[in-house]
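Please look over the sequence and the model below. This report then walks through a few of its parts.

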Amino acid sequence: MNRALDFVRDRSGFEMILIGLSAVYLFLFAGAPFVFNVLMSFQKVDLFNIASIDRPFVGFANYQKILANPDFWLIVRNTVVFVALSSVCQLAGGFALALFFMQDFAGASWLRGLFLAAWITPGYAIGQVWKWMLAGDTGIANYFLRSLHIIDGPVYWLSDPSLALLTITFVNVWLGIPFYLLLISVGLSAIPRDLYEAAELDGANAVQRFCGITLPLMRDTLLALVALGAILTLQQFDLIAALTAGGPVNSSNVAQFWSWQLSFQSYQIGLGSAVSVLMLLVVVVIASIYVAATRSERAA
Amino acid sequence: MNQVELSAVEKHYGEYHALRNIDLSIPEGAFVALIGPSGCGKSTLLRSIAGLEQISSGTISIAGERVNDVPPRRRDVAMVFQSYALYPHMDVERNMTYSLRLRRRSADLIAAAVREAAATLNLSGLLGRYPRELSGGQRQRVAMGRAIVRHPKVFLFDEPLSNLDAELRVKMRGEVRALHERLGATSIYVTHDQIEAMTMADHIVVLKAGRIEQQGPPLALYDRPANRFVAGFIGSPSINFIEGAVTADGGHVTWEGLERPLSLGRRLSAAQRVQIGLRPEHLAVATDGTMAMVVDTIERTGSQTIILGRCGGQPMTVIDHGRPVLARGDNLRLAVAPDHIHLFDPDSGAAV
Ligand SMILES: Nc1ncnc2c1ncn2[C@@H]1O[C@H](COP(=O)(O)OP(=O)(O)OP(=O)(O)O)[C@@H](O)[C@H]1O
Ligand SMILES: [Mg+2]
């Protein structure tokens, strides 16, 4: 007994307990559901056999049905647009704001903190508020744009099939910018001031300092952020549910919402699982690009 | 012609008055050291010359041109930072050539400049390394290399050796000075180490609380300190100060407890109170000395013996270059030459 206690106290026992706890946690709450999900994507699942694991195997039939679905390519395209456009705009907007807040003006840090206020509001509620603001006939957005004479008639932001996807992308960008702002600010403030001074004396103007010092030193942070941000956007569900529910006629539907619709609205759980497994592959690709990029940096 | 000229420079940080009425002329090719205690404004003065700080009033000119409103990148000055501020994402070669690449110099010229700087500073084998792969001394040399490839009008150094160990510091001291002589460029060197300043500089500027206390050649500051502060700052171990007074005849000084007044070799107004400054190296242990000293502690460095004790009741440090046989409680006799007695006004601190 004493020896076991000594092992925990003085040798690697404590570390092993910590690792063991997180391994158990990961297995119970991430590993097992993941295996369960992959399993379901190869099975015929309906409301009667959902409670048992022993279900008829159907091979790749679920995947074939998904690929053959007439909406499949539309949803792939929407998902790519949603994630790519969101990431680019969040990165650009977050970076610009972070640089702006680095100019130590009065109240800068206070104001920057305020940006995070959006985050204490649940996503679904944010979606509802934006839905009211963007409503075609009664929304404040149209009222505003009309009184500024930017538009003449009402714009149906959420029910016009050519606008719906762009509108939810816009709201998602709005929601994601504080995240980028905060983490980029942290990265920027970790760059020593004297590097900028040395570069200034070396003859670099503001643009050259940005390209020669800021960008290369922020590379890792930005890569990690974009990878993480893209994954968060791939998970974005609340906004879509609140704003358009994928409509009109799937014009703003994206993979994560489609997977939910298949599983929990039409109870084609096998199909929904297949979509989520496909998304998982995309996430793995994004994550490995990030890992490869940061590893090459460290080796350099 | 004066390469750097400051006149009536003032700098405020909000309420705080960091530089007060700084007048300074630095001839081309001079090596000037700025010294003073921590927080006296040395870095602020250097950064003002570089343009990294805006001065509140006064003028700064470089090579005859007023540069108050010229941004740092157009002042053609190079600075070696205390932290070195090497670009972590560039190897040694790219660190040193960044300024030349920004100026779009030809590849041949850049390569030649790197080769020359690397040979001068002994960096040739390290050109492909990143700063994190270098030792402190190597980083310091890269920082110097980054400055010299540019052939700037003025070199600014902000305590460049303070992160090095004592041995390397002494070695680099000589190298920096040798480099200065080779390049012949104007250098301004900040340090709080008075030995560094004394050994390297042609001209020393002593700062205290944002004000210039005295400036001049090193030995002039040592021999004729303008005030008590400069006398105490320059010299190591530092000068002994004793509260005393001029005797009634005006030709001697004395203090309570001293048996025989010290001859001054000059006449002062009688009976005024003074602070007497006696450098430890100017006090000689001599059997016919007029001052009696009681030994407290003896420190032997091999080349010299530092004797600490009391002389006429006042604490006194003496340096002896021999190896006297002494023990605690021994009595000595000390002598001092009249022109080695420094006197200061006890209120203003100015030399009398
Ligand atoms: N940005 C600033 N804002 C306010 N006060 C400052 C600022 N920079 C420096 N000071 C003050 O100005 C004074 C001079 O600072 P400076 O850095 O020039 O000192 P220094 O002589 O270089 O000291 P050290 O030997 O410690 O480097 C200090 O009292 C410091 O607190
Ligand atoms: Mg300093």
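## The shell around ligand 1

In this predicted model, the residues around ligand 1 divide into three nonpolar, five polar and two charged. The shell is made up of B:Tyr13, B:Tyr16, B:Ser38, B:Gly39, B:Cys40, B:Gly41, B:Lys42, B:Ser43, B:Thr44 and B:Glu159. Which element gives the largest share of this shell? Helix α1 of chain B does, spanning residues 42–50. That helix supplies three residues.

Some shell residues also reach ligand 1 with polar side-chain atoms. For B:Tyr16, such an atom lies 3.1 Å from an oxygen atom of the ligand. For B:Ser43, the distance to a ligand oxygen is 2.6 Å. The side chain of B:Thr44 has an N or O atom 2.5 Å from an oxygen of ligand 1. Taken alone, the ligand exposes 640 Å². The protein buries 59% of that area.

## Salt bridges and a network

Side chains of opposite charge can pair when their charged atoms come close. How many salt bridges does the structure hold over all chains? The total is 15.

One of them joins B:Glu53 to B:Lys11. Their closest N and O atoms are 3.9 Å apart. The pair links distant parts of the chain, 42 residues apart. B:Glu53 sits in the loop between α1 and β4 of chain B, where β4 covers residues 57–62. B:Lys11 belongs to strand β1, residues 2–13 of chain B. Are these two residues buried or exposed? Both B:Glu53 and B:Lys11 are buried. They also take part in a network of salt bridges that links A:Arg193, A:Glu197, B:Lys11, B:Arg47 and B:Glu53.

## Two further salt bridges

B:Arg66 pairs with B:Asp69. Here the closest N and O atoms are 3.6 Å apart. B:Arg66 is partly exposed, with a relative accessible area of 48%. B:Asp69 has 64% relative accessibility, so this residue counts as exposed; the cut-off for exposed is over 50%.

B:Arg273 and B:Glu243 meet through their side chains in a salt bridge of 4.0 Å, N to O. B:Arg273 lies in strand β14 (residues 273–278) and B:Glu243 in strand β11 (residues 240–246), both of chain B, so the bridge ties together parts 30 residues apart in sequence. B:Glu243 is partly exposed, at a relative accessible area of 44%.

## B:Arg177 in helix α5

B:Arg177 is placed in helix α5 of chain B, residues 166–183. Why does B:Arg177 count as buried? Its relative accessibility is 18%, and buried means under 20%. Leaving out residues up to four places away in sequence, B:Arg177 touches B:Phe31, B:Met200, B:Ala201 and B:Asp202.

## B:Ala335 in strand β19

B:Ala335 is found in strand β19 of chain B, residues 331–335. With 25% relative accessibility, B:Ala335 counts as partly exposed. B:Ala335 and B:Leu283 are 52 residues apart in sequence. In space, their C-alpha atoms are 5.8 Å apart.

Which residues does B:Ala335 contact, leaving aside neighbours within four places in sequence? They are B:His282, B:Leu283, B:Ala284, B:Ala286, B:Gly289 and B:Met291.

Terms used: Residues numbered from 1 in each chain as written. Chains lettered and ligands numbered in written order. Predicted model: local features only at pLDDT ≥ 70, side-chain atom pairs only at ≥ 80, totals over all residues. Heavy atoms only, no water. Helix = DSSP H or I, 4+ residues; strand = E, 2+ residues; numbered from the N terminus. Buried < 20%, exposed > 50% of the residue type's maximum accessible area, 1.4 Å probe, protein only. Contact = heavy atoms within 4.5 Å. Near = heavy atom within 4 Å. Polar contact = N/O pair within 3.5 Å; in protein donor to acceptor, adjacent residues only side chain to side chain. Areas by Shrake-Rupley, 256 points an atom, 1.4 Å probe, with all protein chains shown as cover. Nonpolar A, V, L, I, M, F, W, Y, C, P; charged D, E, K, R; others polar.
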